[in-house]
Amino acid sequence: MLKLRLLPWEYGVRNLFRRPARTGLTLAGLTTVVLLVFVVVAFLRGLDASLAVTGDPSTMLVYSVGAAEDIESSAVPAQLPALLSASLEGIERRYGTDYVSPELYAATRIGVDDDRPKMAVLRGVTPAAPLVRRQVQMTEGRWPQEGEVLAGRLAAAKLGCRPEALAVGNTVTLAGREFRISGRFAAGGAAYESEVWFPLADLQQGMQRQDLSLVAVGLAGEASAAEVQLFCMERVDLGIQAIEETKYYALLQSHYRPVRTLGWVVVCLVAGAGIFAGLNTMYGAVVGRGRELAALQAIGFRRRAVALSLVQEAVLLAAAASLVAALLAVALVHGAAIRFTMSAFALQVDSVTLLIGCGTGLLLGLLGAVPPAVKAMRQPVVEGLKAV
Amino acid sequence: MPLVEIRNLTKQFSKGGETITPLNEVDLTIEPRDFLSLMGPSGSGKSTLLNLLTGIDRPTSGQILVHGTDITRLSRARLADWRAANIGYIFQTHNLIPVLTAYENIELPLLLLPMTAAERRKRIAIALEAVDLTDRADHYPRQLSGGQEQRVGIARAIVANPTIVVADEPTGDLDARTAGHILQLVERLNAELGMTLFVVTHDPQAASVAARRLQLDEGRLVESEAAAPVAALDAGRRRA
């Protein structure tokens, strides 16, 4: 028995150029569809990554009980850092410095680039902040002194201004007071990258607050989160709670689940539209070739070989569209900053995004080709040979 | 053993609630190197018999034995494999693949057989030479005349050296002069290459090149008395 012999590869390739206008339009349509899939997946990947990389398992956040997972609405006493340092043995200490970072966190409008005030995420910090925010790295300039600020890598995206507006040496305005940008920092994609960091005292003055939003505590290797949590429960008078920083951002991530679900629904809808583009092309390609496909079977090619050739054509077109879309995504989409509620993050066209985007593209080609191929193969050879 | 033995072959189909029987208990024996033509009015069942002989259609009853194998019992996939190895098909409308060159069209049946690329090249060169189209090997069908297209179709039918070459109205789409050239070529396939040929036609001139002439009459096959084929007579005169 002879094994399945396939039609020549060139047959499928050259058939794509038989109707150049139709092929070109389908290529453009599929490329757009796959590019949209790339954008949505890059959005979801970027969102996931920004929350996933934010947080250190050895860092505890201590904030007010009533704030739930909303640190912005938290208010803890200004003396809490000192209390924690004095009461907890598990706090990491090095060269006489406690890894305790008092912070004030606020979302408010600041003036940038002589334009109207823009909504920004601000964090008032002390020099202890980098001890517990280990991902933070200065990329330019120096640590801010009084009257100065640090701008995160994606702060401009969050503010909706040009990145040059936050260049070192420029100023931002808060509560009528100018602050000079003394440096810029990155945090490996963490949520802090979209923030502007002020000296704690300056931000407290600007926000007219004496208290703090939270205290971030770095634990020593052998220390347990339970010790901090126990302290919080014992000090009912302070009204505080403690949570591991990683758990805090995991909780935030779960809040974004509806957004992620919506994103995947969009991917499915867009892909569904792409299937119709593929179906339209392949039905068109098959309708005019009934006699040719029948002749191939009369010569001795099996139905399956002819059907596979039709699928090959569609998948080839889908692969070309996926490739073009992938190149466009890497060139134009990857790294683009997106403003999103309390932060900003970069779209991520990583290997997973490429795999999902290209896989969707190829699947579109496959699903678009199978029904027309099956329809063509159902026609008896005798009838096909009579086709006009 | 005969090359082909058709026994009690019947084909019926329904059309508008009426049962039509284009072939009714037909018997036919084809010997190696035979050259048969089949004539009959339109709708008489000529193409139906050819389709059954090539296995692209199924009979209502009866047997078709080729080299002792009853092809009516083969599965669709096995039939495709069997056609690749045993049938050379010349179509009325050539049915060349427009996106493939003459060379690539001729190569198609060889891709279905186990052979090396070198063997394929050799066979295609011989087939192209047989139809006198060596210089048109790289041309696409749209760059060929109707007669040239049919010659490529003939080369494609003979290139795999099939058990039997069938032709369905091979001159139906050609002008008289080109049709004459094609008939001469078809006759040469039998006379010089010893190929077994079965030609379906409604053209008496085309039928006359065959040594055995069959007629379909109300579902029955009638063989007319043996006569020397016209082309063979011409060749005989040329030799004289």
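Leaving aside its neighbours within four places in sequence, which residues is A:Arg22 in contact with?

Modeller: This is a predicted model, in which local features need pLDDT of at least 70, side-chain atom pairs count only at pLDDT 80 or more, and totals for chains, interfaces and linings use all residues. Residues are numbered from 1 along each chain as its sequence is written, chains are lettered from A and ligands numbered from 1 in the order in which they are written, and side-chain values use heavy atoms, with hydrogens and water left out.

With those neighbours set aside, A:Arg22 touches A:Asn280, A:Thr281 and A:Gly284 (contact: heavy atoms within 4.5 Å). A:Arg22 belongs to helix α2 of chain A, residues 20-52 (DSSP runs numbered from the N terminus, helices H or I of at least four residues, strands E of at least two). Its relative accessible area is 33%, so A:Arg22 is partly exposed (buried is under 20%, exposed over 50%, partly exposed in between, with a 1.4 Å probe and protein chains only). Between A:Arg22 and A:Ser254 there are 232 residues in sequence and 44 Å in space, C-alpha to C-alpha.

Elsewhere in chain A, helix α6 (residues 200-207) has A:Leu200, A:Asp202, A:Leu203 and A:Gln204 as its buried residues. The cover over these buried residues of α6(A) includes strands β4 (100-112), β5 (118-125), β7 (148-152), β8 (171-174), β9 (177-186) and β10 (195-199) of chain A. After α6(A) comes A:Gln208, with a positive phi near 55 degrees.

Over all chains, the whole structure has eight aromatic pairs (ring centres of Phe, Tyr or the six-membered ring of Trp within 6.5 Å; planes under 30 degrees apart are stacked, over 60 edge-to-face, the rest tilted). A:Tyr63 and A:Tyr248 make an edge-to-face pair, at 6.1 Å centre to centre and 75 degrees between the planes. This pair links distant parts of the chain, since A:Tyr63 sits in strand β1 (residues 59-64) and A:Tyr248 in helix α8 (residues 245-255) of chain A, 185 residues apart. A:Tyr63 counts as buried because its relative accessibility is 2%, and A:Tyr248 counts as buried because its value is 5%. A:Trp143, A:Phe185, A:Tyr192 and A:Trp197 form one aromatic cluster.

In chain B, B:Thr196 occupies the loop between α6 (176-191) and β8 (197-200). Its relative accessibility is 5%, so B:Thr196 counts as buried. A polar atom of the B:Thr196 side chain lies 2.9 Å from the backbone nitrogen of B:Arg33. Beyond four places in sequence, the contacts of B:Thr196 include B:Leu3, B:Ile30, B:Pro32, B:Asp34 and B:Val165.

Where the chains meet, 28 residues of chain B and 23 residues of chain A take part in the contact. Together the two chains bury about 2400 Å², 67% of it on carbon and sulfur atoms (accessible area, 1.4 Å probe, that two parts lose on being put together, summed over both). B:Asp81, B:Val99 and B:Leu112 lose the most area on the chain B side, together 24% of what that side buries. Two salt bridges join chain B and chain A (a side-chain nitrogen of Lys or Arg within 4 Å of a carboxyl oxygen of Asp or Glu). One of them pairs B:Asp81 with A:Arg302 at 2.4 Å, N to O. Helices α2 (76-86) and α3 (102-111) of chain B each supply at least two residues of the side that touches chain A; the largest share, seven residues, comes from α2(B).

How values were computed: A polar contact is a pair of N or O atoms within 3.5 Å; within protein, one must be able to donate a hydrogen and the other to accept it, and residues adjacent in sequence count only if both atoms are side-chain atoms.
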